[in-house]
Amino acid sequence: MLKQISRLVLVLSALLLIISCSTTKQSVQSKPSTTTNKNMDAMVMKKYMNTISPEELKERLYVFASNDFEGRRTGTRGQKRAAEFLSNFYFNNGLEGPIKDQANPYLQPIDFMESVTKGGSITLGENTYTLNKDYAVLNGIGSSNTSDVVFIGYGIQTEGYNDLEGLDLEGKAVVMLFGEPTTSEGDRLFEFSQQESFAEKMFSNLGISNMIVSTPNQMMFNAQFPYMKGSRARISLKEEDQDVAPFSTFFMSPEKVADMFGMSSDEFFKKIQDKVDAKEPSGGMFSAKHLTIELDKTDRNTVSHNVMGYIEGSDLKDELIVISSHYDHDGIKNGVIYPGADDDASGTMGVIEIAQAFSQAK
């Protein structure tokens, strides 16, 4: 940990170099620096660089990632404690808060919608798939429906390769593999990633009833599933503030997906790989009838906060340094606190150390 903090100090020190060449108005307006001026600049830089130390970073990190902050999940008591911690730090170090008409000027309130999955089931014929064992809910609209199900490969739609071409998806559930197609030798078919071409809203105008996302192999699913199944509560911007896909999205085991189409996972992936090796889209290869999905969820409004402060320019009054960071994390799942020490408490502590150095330098 100390080695990581020491590396962070070096990075922050490099950032402080930015301000060293504009320490005073006089240095900006003067002729090219003499050796004396360079030495003075170096002394000034070193002075404020030395306000950042591994000891301070560690001390604050151990507080911010402690159990008292309960993983800092958005909208929870722990997140509000973290916001108060940052606000107090900004105040004590002379930063201004931008929201002047409230008691705490450092907090910008943001309205969110929290959706909690209370239960659900997926069935196909005599096969029943169990919530948080065979699949997890990524995004649920709370519904019950029966439809046919169609495999759409990797969901890629680009010139010369369209997994959706010729498919009638109106009212159907779709199954899609996460990732991107690669040949048996590991060669990529495209220069772009699937994430650049895929978003739920791209499927909003197709009239699909549900989306089931799986992985190209069971090992990948097993690694990701413990995290996914803990996400029974999903927090997002309120629906009026965003484009919401009009269907539910699930993350399902590839073994169960293969079972859904009446084959083993080995047979399922062999057929897909043969298509990919031939550089042909795999959408539409498999289908099944009468998939029933039931999902019970509740929604409630919650409020979280951006935390920000600023430092006004001493000479350039129309310029500001704005200080903020991504400080919330995963909270408590299944009774376990996820402290997020490296993601993202360490980064947040680095940001406030920079803020302190900049404020003192001013």
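This is a predicted model: local features need pLDDT of at least 70, side-chain atom pairs count only at pLDDT 80 or more; totals for chains, interfaces and linings use all residues.
Residues are numbered from 1 along each chain as its sequence is written.

The protein chain contains ten helices and 15 strands. Both are DSSP runs numbered from the N terminus: helices are H or I with at least four residues, strands are E with at least two. Of the 362 residues, 43% are buried. Buried means under 20% relative accessible area, exposed over 50%, and partly exposed in between (1.4 Å probe, protein chains only). The accessible surface of the chain comes to about 19,200 Å² (Shrake-Rupley method, 1.4 Å probe). Carbon and sulfur atoms hold 51% of this surface. A contact means heavy atoms within 4.5 Å. Among contacts with a separation of 6 or more, 76% join residues 24 or more positions apart.

Helix 7 covers residues 218-229. Its twelve residues reach 16 Å from first C-alpha to last, close to the 16 Å expected at 1.5 Å a residue. That expected span is 1.5 Å times one less than the number of residues. Q218, F221 and F225 are the buried residues of helix 7. They line one face of the helix, because they fall within an arc of 40° seen down its axis. The arc is that of the directions from the helix axis to the C-beta atoms. An α-helix has 3.6 residues a turn, so residues three or four places apart point the same way. The face turned away from the buried side carries exposed M219 and A223. Cover for the buried residues includes strand 3 (135-139), strand 10 (248-252) and helix 8 (254-260).

Helix 4 spans residues 54-64, and its buried residues are L57, R60, L61 and F64. These cover an arc of only 105° around the axis, which puts them on the same side of helix 4. Exposed E55 and E59 sit on the face turned away from that side.

A nonpolar core is a set of buried Ala, Val, Leu, Ile, Met, Phe, Trp, Tyr and Cys residues joined through side-chain atoms within 4.5 Å. The largest such core has 32 residues. F261, F268 and L291 touch the most other members. Elements that each supply at least two residues of this core include strand 1 (107-124), helix 9 (265-277) and strand 11 (287-307). Apart from it lies another core of 25 residues, among them F89, L95, L107 and I311.

Note on methods:
Side-chain values use heavy atoms; hydrogens and water are left out.
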